[in-house]
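I opened this notebook page to record what I looked up in one protein model. Overall form comes before a single site.

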Amino acid sequence: MRSLADLSLEELREVVVSTVSRGEERLDGVAASVYVIGADDLRRSGARTLPEALRLAPTLTVARADANQYAIAARGFNNVLANKMLVLVDGRTLYTPLFSGVFWEAQDLVLDDVERIEVITGPSTAMWGSNAVTGLIHVITRKAGDTPGAAAELAAGSAERGASLRLGGTWGAEGERPLHYRLYVKAYDRDSTRRADGSPVRDAADGVQLGWRAEGSHRHDSFSVQADAYEGRIDPAPNERRFSGANINARWQRDGARGSQTSVQLVLDHTEREHRQSFADTLSTVDLVAQHTLAPVGAHRVVLGGGLRHARDRASQTAALAFQPERRSLAWQRVFVQDRVQLGRALELTLAASVERNPYTGTETLPSLRLAWNGGGGVLWASLSRAVRAPSRVDRDLFLPGRAPYVVAGGPRFDSEISRVAELGWRAQPGPALSYAVTLYHARHRQLRSLAPGAAGLEWRNGIEGHSRGLEAWARWRPSARWRVDAGLALLRQTLQVRAGEVDLGGLAALGNSPRHHASLRSSLELGAGWRWHAELRRVGPLPQPAVPGHTAFDTRLAWWPSPQLELSVGVQNLFDPSHAEWGVAANRVEFERTAMLQLRVNH
């Protein structure tokens with residue numbers, strides 16, 4: 001699988017992305033800030049986890065909090081419980097209604113099975129619903145027919161060990177319509193991290209995940225079914241944390257006449273999480289989405305769809321915290337529509353909107369307008385969007401401690417957070433060796449979460465407002481057939497304050513902690529005789545509250561292919577700095593030390 005850097009100018013113009021408009025469209029005409037991490041980019045980097053792979057996207061802020069937890073966001077509001085970005089794997093949302101975000105330590109993949117990761121920064125709520133406020137990450141895995149045979153990986157390092165095995169094949173006689181399948185299993189074991197004073201954090205972890213995928217087609221119909229099951233544990237001490245889950249993702253698609261298309265996707269998901277002496281949560285979700293793309297009518301291409309999601313959640317009560325009521329049945333309904341209108345040879349207008357009903361605030365309307373002008377030398381685009389982060393159980397039902405008298409007594413009046421966002425971008429490829437993109441944005445935020453006195457204690461309110469503005473830029477350069485270079489820069493200026501007449505006793509500090517700038521420079525060089533050298537330099541500015549010093553990290557990896565079926569590599573992270581912190585308060589935060597990793601990959 002080739003990365004975008006491998007493609008010629010003509011080939012790049014044919015690259016498609018499928019997340020922005022819920023359908024395939026050429027990358028060179030997309031009116032959004034999009035960065036694509038390709039399969040070859042993942043392999044060259046040596047990344048073994050999804051959060052580490054997301055460091056390859058220069059538009060994302062990725063901060064590691066300990067051996068397992070990450071804070072990942074775009075355009076501010078970063079937190080280990082970040083709640084304004086939607087994350088999907090093959091259309092299956094990783095969102096939890098507990099806090100409107102992702103438990104990153106529970107998300108695992110065999111990254112060799114990933115075709116690409118589409119990273120969209122900016123609102124995507126018009127087509128994907130509430131909570132995709134600052135961006136959307138969509139991991140798209142390879143079809144089972146593209147991964148035949150067997151593949152294995154062994155990894156051993158100074159802080160982590162792991163292994164994975166994949167088997168792929170085909171059922172059906174030659175000449176018939178075959179059924180392709182893929183089976184996999186992956187396991188890991190991580191050591192505890194340490195604080196600056198050398199004391200252990202006690203976050204050692206181990207886990208295992210397995211799954212399968214099957215797919216086939218008949219005439220104009222295609223289908224796929226995939227499933228995963230996993231379990232893991234963190235810190236076998238008295239405060240042990242355990243998580244487990246299983247999911248099934250089934251999709252059917254029919255390609256109709258003149259470019260029309262119909263698809264239905266059903267996801268069944270069950271997760272269990274236990275934090276001893278803190279809380280336990282059991283969540284079962286059914287998610288159904290149907291979509292129809294009409295055949296083009298004149299200058300119009302219309303997409304219609306809708307979705308139903310139902311969740312049953314049980315969050316147990318302890319002395320430390322409680323969710324009241326303990327059990328909740330939650331339902332969301334949504335319809336969406338999009339019309340892409342060709343206004344001329346070079347100008348395209350996209351109008352889209354979702355109307356979504358959530359269990360807390362009722363109906364929300366999420367519109368967007370995008371305009372793209374393709375002048376031949378590049379694409380100039382602009383957009384206006386209204387995005388919403390709907391309440392979660394943390395916002396409405398959380399009580400601290402678990403018994404009265406309460407310090408925090410839920411948020412009975414907490415409403416949706418609202419962002420209105422304007423974007424302006426330019427994306428171009430002036431020649432076959434260079435491509436780049438620049439995006440400017442300005443967001444006005446209203447009704448952000450605050451903490452104020454209530455009847456039974458402090459409660460969550462909507463007392464904070466403000467603005468975010470910034471710049472995102474990235475470039476890909478291929479000086480020669482053997483050498484490629486990627487660079488990225490993100491600048492952020494965020495101003496948040498308590499609204500007139502409101503009181504805040506801690507909500508502002510909890511909204512997130514993001515650097516004002518971060519930059520990256522990545523190089524991959526073919527040395528000949530089967531050798532490849534990959535290096536990455538990252539500079540992250542200081543975090544304001546709590547204060548975390550800025551840091552510079554240099555990672556490098558040397559790989560050797562003695563044959564097409566075998567790869568040996570050695571990688572070092574944080575080569576020139578013995579340790580640095582990325583997240584947390586000074587008294588308790590982790591210092592990440594220099595680590596090394598040996599990897600062996602075998603394909604047959």
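The entries below cover the whole protein and then one residue.

**Basis.** I worked from a predicted model, in which local features need pLDDT of at least 70, side-chain atom pairs count only at pLDDT 80 or more, and totals for chains, interfaces and linings use all residues. I number residues from 1 along each chain as its sequence is written, and side-chain values use heavy atoms, with hydrogens and water left out.

**Fold and form.** I found six helices and 37 strands in the protein; helices (H or I, at least four residues) and strands (E, at least two) are DSSP runs numbered from the N terminus. The radius of gyration of the protein, taken over C-alpha atoms, is 24 Å, close to the 25 Å that the globule rule gives for 604 residues, so the protein is as compact as a globular protein of that length. That rule is 2.2 Å times the number of residues to the power 0.38. Along the principal axes, the C-alpha atoms fill a box of roughly 70 × 60 × 45 Å.

**Burial and contacts.** I noted that buried residues (under 20% relative accessible area, 1.4 Å probe, protein chains only) make up 54% of the 604 residues. Of the contacts (heavy atoms within 4.5 Å) between residues at least 6 apart in sequence, 60% join residues at least 24 apart.

**Residue D28.** I located D28 in the loop between β2 (25-26) and β3 (33-38). D28 counts as buried, at 18% relative accessibility. V17 lies 11 residues from D28 along the chain, and their C-alpha atoms are separated by 9.7 Å.

Methods. Buried < 20%, exposed > 50% of the residue type's maximum accessible area, 1.4 Å probe, protein only.
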